[in-house]
Amino acid sequence: MSGGGSANSADNPWPVRTVNTKIADWIHRLGQIWVEGQVTQISRRPGTRTSFLTLRDPAADISISVTCSPDLLARTEVPITDGAHVVMLGRPSYYTGRGTISLRVSDIRPIGVGQLLLRIERLRQLLAAEGLFDARLKRPIPFLPRTIGLISGRASAAQRDVVSVASARWSAVRFDVRDAPVQGPTAVPRIIGHLRELDAHADIDVIIIARGGGSVEDLLPFSDEALLRAVAACSTPVISAIGHEPDNPLLDFVADIRAATPTDAAKRVVPDVEAELAGIAALRRRSAHALRNWVHREDRVIAGLRARPVLADPFTVLDRHNERVDRLRADLRRTLIGRLDTEDRRTEHLGARLATLGPAQTLARGYAVVQRVDTDPPHVLDSVDGLPTSARLRIRLGDGSIHADVTSIESAAHSPHHHDAPHHHDETDDHAQEEQ
């Protein structure tokens with residue numbers, strides 16, 4: 001039948017469209033259902049209204065195609081990635097045109113690992129808000145620790161890797177190894193106990209917590225809040241050496257250093273003696289080379305200075321200055337002698353003038369100096385006014401002096417030759433001679 005109630009038979013087969021329509025009806029009657037599985041093959045196509053992914057049964061090789069809105073994947077609390085275990089709420093849909101079935105989902109919730117990751121993410125946000133991941137709180141690792149505290153599984157590969165690699169790099173390195181379960185319900189209390197004991201030990205300079213990787217469930221102890229707060233409270237630097245990819249336990253964020261593997265932790269905490277010795281040798285070579293270059297450079301500078309004329313023959317400069325000093329001395333001597341000669345001539349000239357103008361020369365030319373000596377003190381006469389006739393006189397001439405008494409006085413106004421000084425002298429001289 002194409003749509004009627006005739007029985008289906010070889011003589012009355014259903015067309016493909018009828019079969020697909022009936023299958024679609026049967027499937028659509030299921031309504032909304034919750035489905036659990038593992039997400040794979042996520043396809044987000046930009047610009048489309050539908051995202052495609054595959055939901056796989058972890059216990060069997062069975063899967064179903066899933067479609068959903070891109071916004072549904074974007075707003076999930078934990079990002080949906082390949083391998084995530086989830087529970088989906090959806091409605092099965094059968095596409096009659098292609099004869100395929102898919103699940104159109106409206107809700108996705110992580111379960112199992114997804115739920116664990118959700119709890120870890122919430123704890124990470126809480127501790128980050130408290131500042132436990134602040135880079136300023138990270139403690140530096142000493143260059144060469146006296147003793148290394150190691151917390152790991154008993155006889156585990158992680159323990160062997162750390163000890164063997166560190167000992168190969170520095171044979172004198174010492175360990176204080178503490179065995180502890182690294183998964184399960186007893187792991188956290190044992191690790192915290194060992195951590196506190198090692199932190200209280202004075203010789204322990206750094207603590208390594210090591211495990212050789214594992215699943216998300218196996219690594220849950222290293223995201224435990226009690227352990228994380230104990231690590232943050234330590235005064236000794238702590239290294240997280242949990243080999244894992246791609247998820248990071250929260251211990252990586254709280255620890256002072258995150259090592260990718262236990263081997264990496266051993267390399268970070270213990271220097272390689274061979275590499276250090278090689279580095280020292282290289283530094284010594286570089287220092288010696290630099291010192292030699294410096295000596296050669298300074299030697300060239302000194303050679304250049306010595307080659308300069310002032311240093312090659314220093315007396316040349318002195319000789320040149322000596323010659324200049326000699327010339328200046330000769331010039332000074334000539335100048336001084338010339339000046340002295342000039343002053344001698346000037347002195348002679350002034351002496352001659354002085355001698356010419358002096359009283360001795362004046363007397364030599366016929367003049368006389370008359371003094372009255374009968375007074376106390378005697379004084380030179382420059383006028384006849386008031387001179388009595390009995391006065392005693394001393395007359396000084398050019399070649400001697402005479403004494404005379406005044407017998408008469410003649411004023412220059414009555415003398416016909418009053419302007420002639422020698423005549424006055426002669427008259428006085430006559431009176432003096434008469435007195436004698």
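Trainee: In S8, which residue is the bridge partner of Thr147?

Mentor: This is a predicted model, in which local features need pLDDT of at least 70, side-chain atom pairs count only at pLDDT 80 or more, and totals for chains, interfaces and linings use all residues. Residues are numbered from 1 along each chain as its sequence is written, and side-chain values use heavy atoms, without hydrogens and water. Strands (E, at least two residues) and helices (H or I, at least four) are DSSP runs numbered from the N terminus, and two strands pair if DSSP finds at least two bridges between them. In S8, the partner of Thr147 is Ile204.

Trainee: How many bridges join strand S6 to S8?

Mentor: Strand S6 comprises residues 147-152 and runs parallel to S8. The bridges that join S6 to S8 number five.

Trainee: In S9, which residue is the bridge partner of Arg211?

Mentor: S8 also pairs in the parallel sense with strand S9, residues 238-242, over five bridges. The partner of Arg211 in S9 is Ile242.

Trainee: How many residues of strand S8 are buried?

Mentor: Buried means under 20% relative accessible area, exposed over 50% and partly exposed in between, with a 1.4 Å probe and protein chains only. Strand S8, residues 204-211, is mostly covered. Its buried residues number eight of eight.

Trainee: How far apart are the end C-alpha atoms of helix H1?

Mentor: The expected span of a helix is 1.5 Å times one less than its number of residues. Helix H1, residues 16-28, has 13 residues and should therefore span 18 Å. In agreement, its end C-alpha atoms are apart by 18 Å.
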